[in-house]
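I opened my notebook today to look up a few features, one at a time. Come along and follow them with me.

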Amino acid sequence: MGKTKHSGRISLPSRPDPKLWVSKMPFGLNRIKPRHIRDTLKVVWDNRDQLPYAYRILTQGVCDGCALGVSGLRDQTLEGPHLCTTRLNVLRLNTMPAIPEKILHSDIEELRKLNSTELRKLGRIPYPLIRRSGESRFSRLSWDEALDTIAGKIRSIDPKQLAFYLTARGITNESYYVAAKVARFLGTNHIDNASRICHSPSKTALKRSVGIGASSCNYKDWIGTDVLVFWGSVAANNQPVSTKYMYAAKRKGTKIIAINPYHEPSMDQYWIPSVAESALFGTKITDDFYQVNIGGDIAFMNGVMKHWFEMEEAAPGSAVNLDFVREHTNGYEELRAHVMKQDWALLEQSSGLSRERMREFAVLLAQAKSAVFVWSMGLTQHRFGTDNISQVANLALLRGFLGREHCGLMPIRGHSGVQGSGEMGADPFSLPGGEFKGADIARIEKVWGFKLPEWQGDIVGVTLENALLPDDHERKLKTFYTSGGNFLETMPDPDFVERCLQNVELRVHQDIMLNTSTLVDAKETVIVLPAMTRYEQPGGGTSTSTERMVYFSPEIDGPRMPEARSEWEIYVDLASRVKPEQAHLIQFKDAAAVRAEIAKAAPNYDGIQHLSKRGDVFQWGGAWLCEDGICPTPDGRGNLIPIELPELRKPEGHYFATTRRGKQFNSMVYSETDPFNGADRYDVLMNAEDGKAQQLQEGDAIVVYNKYGVFHGRAKWAEVKSGNIEVHWPEGNVIIPKGVYEPHAGIPEYNTTVIVEKAETYHAHKDTKYVERRIDELELVSE
């Protein structure tokens with residue numbers, strides 16, 4: 001790991017820079033933009049019954065929103081306060097009162113009339129609940145009854161028929177770690193977490209390319225780098241505090257580039273509420289926007305590298321950092337030969353960008369002395385997500401943008417707990433501090449004192465599908481224990497997912513609130529367990545940020561759900577009931593004892609045992625992983641990997657379709673209207689020329705469909721790459737194919753091809769001949 005330590009916070013310039021202003025009109029009046037003051041006042045109103053507690057959470061706790069790592073109102077990057085509407089919106093989850101009993105125990109069909117936003121607003125789950133098959137409402141039961149029922153069921157089934165899942169909802173490292181240990185203690189390797197559907201390809205690709213599973217650099221490296229590239233990442237929307245880092249970078253002269261099918265307004269210009277100049281006049285963020293086709297990133301990167309290799313033929317050293325490549329990489333000649341045989345016409349067609357535009361980007365990077373590449377789900381949520389990320393690593397290795405200041409590879413995390421989930425072993429392919437294989441299994445068995453099951457566990461998507469296996473199948477999912485998570489609103493093909501959930505004999509939902517998945521019937525029983533938030537966890541808890549900062553979040557005085565329990569303690573209690581004769585192997589005195597064991601089990605986390613009070617933090621791995629170009633691979637070198645172009649078939653008249661986020665946090669939607677473009681949740685973002693070519697007018701009711709499903713929406717013109725459309729997630733999941741997983745990392749595919757048709761035309765053709773023709777056509781397209 002790196003030897004250089006993080007150098008601490010820096011200050012923003014004190015003088016304004018009018019060149020960066022969006023407009024001289026204060027506060028962006030008459031523009032479509034977030035109204036931060038109005039939104040803040042709304043949050044104050046929503047939390048009016050617990051304002052002192054809400055204030056303590058904001059000023060003492062570690063943010064349970066995105067993974068930028070804000071402790072109180074401070075981070076490790078910039079001086080001054082940091083606060084965003086995402087954190088403010090999530091705040092109410094921690095201050096809500098209990099769901100009124102009259103509502104909680106009402107008929108299940110009445111509860112099912114509410115969407116997840118309405119269910120969330122009902123309040124906190126106050127005590128354990130049960131609903132057996134055929135019952136129309138939840139009943140109250142004691143903790144002993146609930147855990148004994150679950151334990152009895154677990155004892156009665158094969159461990160391969162038991163699975164655990166943990167979301168990223170403010171869950172602490174301590175809970176992830178104990179869940180990982182309990183799952184293996186109970187004999188199952190079916191345990192997964194929320195990173196499966198966001199950044200699992202990032203870890204897989206970075207491991208094979210440069211030997212690491214996390215960001216190689218810091219947010220501070222954005223500030224002063226020559227080029228900062230956001231690839232398939234809308235950080236301004238999903239990690240709003242990051243706009244302050246972008247502002248600081250712009251003030252240092254950094255060029256910011258965005259690569260995305262949609263010219264996202266929030267990445268173009270932003271009014272940053274914690275920077276007075278920006279709050280008044282806005283900030284121009286991106287210097288250039290490269291609009292690739294959905295799925296066209298690999299072709300684009302191959303085009304960039306082809307330009308570099310052609311530049312090298314004319315003038316060696318003009319594009320590739322030959323010294324770095326020679327000393328720190330493998331596979332240069334193989335990659336060069338692979339890229340040089342690529343056909344320019346095919347690269348242009350696949351990427352959607354011209355050869356000249358690819359050259360512009362290639363020259364920009366070739367002339368840069370430093371660059372940081374930031375990416376998110378726009379690169380990962382593909383059936384070739386791992387290849388996408390290895391391509392980004394190829395670019396960094398060829399230019400030597402790794403292991404030093406203002407350089408690096410950063411998979412920016414969207415949830416506060418998710419970086420630590422896999423590092424704690426809550427993953428079918430991972431153990432604390434290592435992989436689920438050989439030496440790491442033996443090492444963990446020594447720490448834990450019991451034998452681990454040696455069979456390979458399933459990713460969560462396959463786990464859900466296993467519910468439909470025959471009853472006598474050894475992997476038939478019979479008990480599914482999920483901490484948070486709403487699969488009806490995160491996985492493709494919601495109807496299929498509901499059928500899977502209904503076929504599980506016992507489902508356990510450990511959560512702080514109800515969601516639509518909680519209300520789905522089970523074959524035998526649904527049990528709901530009330531969990532504490534991270535701010536209620538006795539002894540505090542920790543979380544790991546995108547930049548590998550491990551923060552201590554203290555227990556904060558305030559109201560409590562009398563029967564809610566900390567998540568890690570629930571796991572321990574359950575495991576002790578399943579195997580009482582071995583309970584001593586799974587017991588922890590307190591949260592500090594959990595942290596002490598984490599330090600032993602995960603060597604990178606040696607230091608977590610010393611975190612005990614507000615403000616405590618350390619960064620594992622130092623400021624830069626792969627420092628000085630030395631990678632933690634077997635030979636210490638990075639691997640340049642030739643990547644084949646994915647097959648992207650889009651017949652004439654069809655569109656590439658992908659999903660995007662609006663004003664929401666994960667699947668929790670906070671507004672029906674996107675504050676950056678005015679789109680509502682059922683607007684279909686499409687290129688105006690594409691729409692007009694189909695005789696559509698903006699606002700027309702349209703149908704987006706394929707063999708997987710039908711989405712009813714309205715046409716909305718936007719700066720989307722021609723031939724591509726975007727729909728909101730999770731509403732658009734109905735057109736995404738189920739069961740399509742990236743082969744290396746197991747992330748579901750969230751992209752597809754579709755037909756767009758005017759609603760009145762679509763519904764007017766009801767005769768059989770028409771339907772058969774259309775279905776045949778769809779089958780042909782999707783094969």
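Before I start on helices, I note how an angle between two of them is taken: an axis is a line fitted to C-alpha atoms over the stretch in contact, and the angle runs from 0 to 180 degrees between N-to-C directions. I also remind myself that this is a predicted model.

**Entry 1: two helices**

I looked up how helix 14 and helix 17 meet. Helix 14 covers residues 297–314 and helix 17 covers residues 344–351. Their axes lie 8 Å apart, and the packing angle is about 145°. The crossing of helix 14 with helix 17 is left-handed.

Which residues make the contact? From helix 14 I wrote down A299, F300, N302, G303, K306, H307 and E310. From helix 17 I wrote down W344, L347, S350 and S351. Sorted by class, the contact holds four nonpolar, five polar and two charged residues.

**Entry 2: a barrel**

Next I turned to the strands. Six of them form a closed barrel, in the order 22-28-25-27-26-29, and the pairing is mixed. From one strand to the next, the twist averages 45°. As a reminder to myself, strands of a sheet pair through backbone hydrogen bonds, either parallel or antiparallel.

How do strand 26 and strand 27 pair, parallel or antiparallel? They are antiparallel, with five bridges between strand 26 and strand 27, the latter spanning residues 710–717. Within this pair, I found V704 opposite F711 of strand 27.

**Entry 3: a cis peptide bond**

I checked the bond from W729 to P730 and found it to be cis, with omega near 15°. P730 sits in the loop that links strand 28 (724–728) to strand 29 (751–758).

**Entry 4: two positive phi values**

C626 is not a glycine, yet its phi is positive, at about 60°. I located C626 in the loop between strand 20 (617–619) and strand 21 (638–639). Is C626 buried or exposed? Its relative accessibility is 3%, so C626 counts as buried, the cut-off being under 20%.

Q695 is another residue other than glycine with a positive phi, near 60°. I found Q695 in the loop between helix 27 (688–693) and strand 26 (701–705). With a relative accessible area of 61%, Q695 is exposed, as the cut-off for that is over 50%.

Definitions and conventions. Residues numbered from 1 in each chain as written. Predicted model: local features only at pLDDT ≥ 70, side-chain atom pairs only at ≥ 80, totals over all residues. Heavy atoms only, no water. Helix = DSSP H or I, 4+ residues; strand = E, 2+ residues; numbered from the N terminus. Buried < 20%, exposed > 50% of the residue type's maximum accessible area, 1.4 Å probe, protein only. Left-handed = near helix turned anticlockwise from the far one by under 90°. Contact = heavy atoms within 4.5 Å. Nonpolar A, V, L, I, M, F, W, Y, C, P; charged D, E, K, R; others polar. Pairing = 2+ DSSP bridges.
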